[in-house]
Structure formats: C-alpha cells, structure tokens
Amino acid sequence: VDDVVAAAPSEKQKVTVSGDKHDGEGGHDHAHHIPHRVHNEEEESWVQGFVWNMVGYLIIIIPASFLIRMVKNSNFKEQGGQGKWYQLLTCCIFGNEASPTGNKRSIFPCLSGDTTTATAIKLATCTIGLQVSYLTWGVLQEKVMTHKYGEGTQAVKFKNSEFLVFMNRIAAFIVAGLYIQITRSGQWNGPFYRFSFASLSNICSSWCQYEALRFVSFPTQVLGKASKMIPVMIMGRVVSKKTYQYYEYVVALMISVGVSLFLTATGSDKHNSTETTVSGLILMIGYMGFDSFTANWQSHMFTEYKVPSMQMMFNVNCFSCLFTSVPLLISGGMTYALAFMMVHPSFATHVGIISLTSVTGQMFIFYTLAEFGPLVFTTIMVTRNMLSILLSCIIYGHVLTSQAALGVSVVFCALFLQIYAKYRIKQKKSQQVTNPREQSDMA
Ligand SMILES: Nc1ncnc2c1ncn2[C@@H]1O[C@H](COP(=O)(O)OS(=O)(=O)O)[C@@H](OP(=O)(O)O)[C@H]1O
C-alpha cells in the first residue's frame, strides 16, 4: 500500500478556488526548466492518455452498439414479451413514449409558474445555486489536491483527479436514483442508450480541460472558457436546428470579451505561465466542442422526450459511472485511490464532502438546462467566476483595476441588452396577438 501511495499512476492537475484546474507541481517552473525533449515527451503523453481512454470506452461501445443494431434489426419489439430482461432491453433500446404534456414534476416544486416574476425567481435560484455549489466544490477540490495526507516526511498528496470525477458521478447517480425511488417519479422516456452521448461528451470535455491546462497559457485558458457561449450557439444549430437572433451573437461576444478582460486583469498567473502549444490548442478546442455538445444534447433530450431533470441526472450519470470506471480500472488509478483511502481515512471524508457539493451542482445544472436551455446555462457558468471574484472584491473592499472595471461594465451591458431585447420581442409579440389587423397593415 505504501508503494501505491508514494507513486501515483498519473500526475494530474490541481484545481484552483474558482474551480479552474492548474498544473500539479509548479507547472510553469517545470515547463521552463525541463529540456525540450522531455517537454515533447510530455506533449505526447496526452495522446497516449487519450488512446487509453478511447480503448476503455470502445470496450463498452463496440459490443453495446452491436447489440443495439441487432435488436433494432430483429422484430424483437413486435414479438412482444414479458419478464425483466425483455423490459430492460426494451427500455434501453426503444424507451417509452413521452407523454405529450410531459412530466411536470420538478425538483423545486415551489418554483412553479411562468409569470415574469416567477421566471426571475427561478433564474436567480439557478444562478445562486450554481454559484454556491461550484464555489464550494472548487475550494474543497483544491484543498484535497494540495493537502498532504499523513505525518511528517511520510505525508503525501493525492494525485489522481480522475478518481474525484468518478466519485462525483457515482454520488450523483446514487442521489438521483434515491430521489426517483422515493418520489416514485421514474420516467423511462426515450431510448436509454441515447443518454450515453451526453455522458461521454461530458467526460471527454472534462478530460480535455484537465489535460489542456498543462499546455496553455493563462490568457488562453481564460479566453477559451469565457468564449464558450459561441460554440454552444453553433452546436445548437447542428444538434437541434436552433436559430439565434443577431443580438444573441452580439451578447455572446460581449460577454466573452468582458469576462476575458476581467479575469486576465484580476487573475494571478503565478501558477501557470506555460506557453500555449499546438497540443494545448487542440485540447482546448476539444473541451469547447465536447462541452457545447453536452449541454445541447441534454437540452435536445429534454425537449424530445420530456424527461424530468432528476431522471436526466440519473440516466447521464449511470453511463458516466461506467465510462469513468473502466479507464480507472485499466490504469490502476482505482487501486491507488482505494489504497490511499484505507491509509488516510480523512481523505475519504474529504472526497465524500466534495461529491456532495458536486451533486448539488449537478441538480442545479440539470434544472437550469431543463428550464432555460443550454445558452442561459452557459451564460451563468461563464459569468460565475467573474461574479465570485467581484463579490469577494466588494466584501473585502479591494479596488478593481480599470481593465477589470471595463470587463465588468461590458458584461453587465451585455446582460442588460439581452434582457431589453427579450422584453422588446415579447412586447411586439403580444401587440401582434392583441392587434393582428393593425400589425399586418403596418407590415
Ligand atoms: N451539461 C453538463 N452536464 C453535466 N455536468 C456538467 C455540464 N456542464 C458542466 N458540467 C460539470 O460542471 C463542472 C464544472 O464545469 P466547467 O469547468 O466546464 O465549468 S465552467 O463553465 O468552465 O465554469 C465539471 O465537473 P467535473 O467534470 O467533475 O470537473 C463539469 O463536468
């Protein structure tokens, strides 16, 4: 066990207070001092990691898709049948028909109603819920990855962030399962296997993000994460044929610029002055692509199959547990983490607390996606780091630099523009309804 604890199988990144991940042992110094050849080797290591992950996923995907194809091509459903296996297979491959009205059961039943006030309260709840959950999650995750477990010279750090991702997914799966069981709200709408697409892309986006941070500079990280709204809009066109108004693209661009200006002005790059390499760019593009697909696919599944948000959380995390456990088992990360837990019981407690904050975060993610769609969700996630830093500046009385103040102003102007444009569109629509003849004459 000591050997396992002393030598982690994979050196991963720490996670900063805001939830951003950064390089392990002083990433920037490391990057500057290692000879070029070693740096190249390090660059190649992500490709290897990627290949191993893919092998792990394909072990599940190939037989599963073969089975799905076989069942679909047979007259399995027409033949009918009974028994648990028949029902399980039917649910996984065909799913139930969604009721036309959908299931209105909500995780927050007190937040019902479609009036402007009710919507504003729902939006505020989602923003605060995501903000509090992911702020706590970020702080705890950083503590666990930087904390030394053990006494004196024997003290060691835990170095496998993939295990933390696995634990977050399993906790979310259990909590959503218990909720469905207790409230008897199970809704097996739509083919179950289709939820695996969002799970796989979520895991890939998380992996790309962790890996990318070893190869991108601080401004590139900030720019990449702050510009996430634009790929979400593009992906929305591909996945759900969604069209966006021009002003929405302007708002997305303004928020990207504003958040980038703010975070580069306030963020310290002492942890990461790595230069951006081609690998870093590829991984960052991978992160944005997978991340935007995840939110859009989830939103598509909500619309198509009217799944309640806790059911979506259960379905997606069921696959996530499967997809994260296989690479962990293959790489030896699982054995390492379990051994670490046995040697350091306090580590197990810390992981449990992180998982709980991740569970509340996920409850808000799925609720926000179901209620407001992928663009509003991404807007909240993109602005959340800026809002938390801004809040701490206000609380501790720190003065903002002019660049940071400009960034905040641009973001707030963008949000105001969005609210105003939506209000105008709503007003025009209601005028058209009350006075259709006048409107058509004017046209
Ligand atoms: N759509 C969707 N569905 C499920 N889970 C999601 C989704 N979007 C983000 N996440 C999870 O939220 C955690 C923070 O994500 P990000 O670092 O990308 O957030 S941010 O927008 O950059 O602030 C991160 O958790 P970890 O993977 O455990 O690190 C993401 O996986």
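Is Lys 122 buried or exposed? In this predicted model, Lys 122 is buried, with a relative accessible area of 7%. Glu 371 is partly exposed, at 36% relative accessibility.

Across the whole structure, 3 salt bridges were found. Another of them joins the side chains of Arg 214 and Glu 211, with N and O 2.7 Å apart. Arg 214 is buried at 11% relative accessibility, and Glu 211 is likewise buried at 3%. A salt bridge is also formed by Asp 291 and Lys 228, whose closest N and O atoms lie 3.4 Å apart. Asp 291 is located in helix H12 (residues 278–305) and Lys 228 in the loop between helix H9 (218–226) and helix H10 (229–240), so this contact ties together parts separated by 63 residues in sequence. Both Asp 291 and Lys 228 are buried.

The surface also carries a nonpolar patch, formed by Val 47, Phe 50, Val 51, Trp 52, Val 55, Ile 59 and Ile 330. Together these residues present about 600 Å² of accessible area. Helix H3 (residues 36–73) provides the largest share of the patch, with 6 residues. Val 47 is located in helix H3; its relative accessible area of 38% makes Val 47 partly exposed, and this value is above the 30% required of patch members.

Note on methods
Residues numbered from 1 in each chain as written. Predicted model: local features only at pLDDT ≥ 70, side-chain atom pairs only at ≥ 80, totals over all residues. Heavy atoms only, no water. Patch = residues over 30% accessible without salt bridge, like charges linked within 9 Å, V, L, I, M, F, W, Y side chains within 5 Å. Areas by Shrake-Rupley, 256 points an atom, 1.4 Å probe, with all protein chains shown as cover. Salt bridge = Lys/Arg side-chain N within 4 Å of Asp/Glu carboxyl O. Helix = DSSP H or I, 4+ residues; strand = E, 2+ residues; numbered from the N terminus. Buried < 20%, exposed > 50% of the residue type's maximum accessible area, 1.4 Å probe, protein only.
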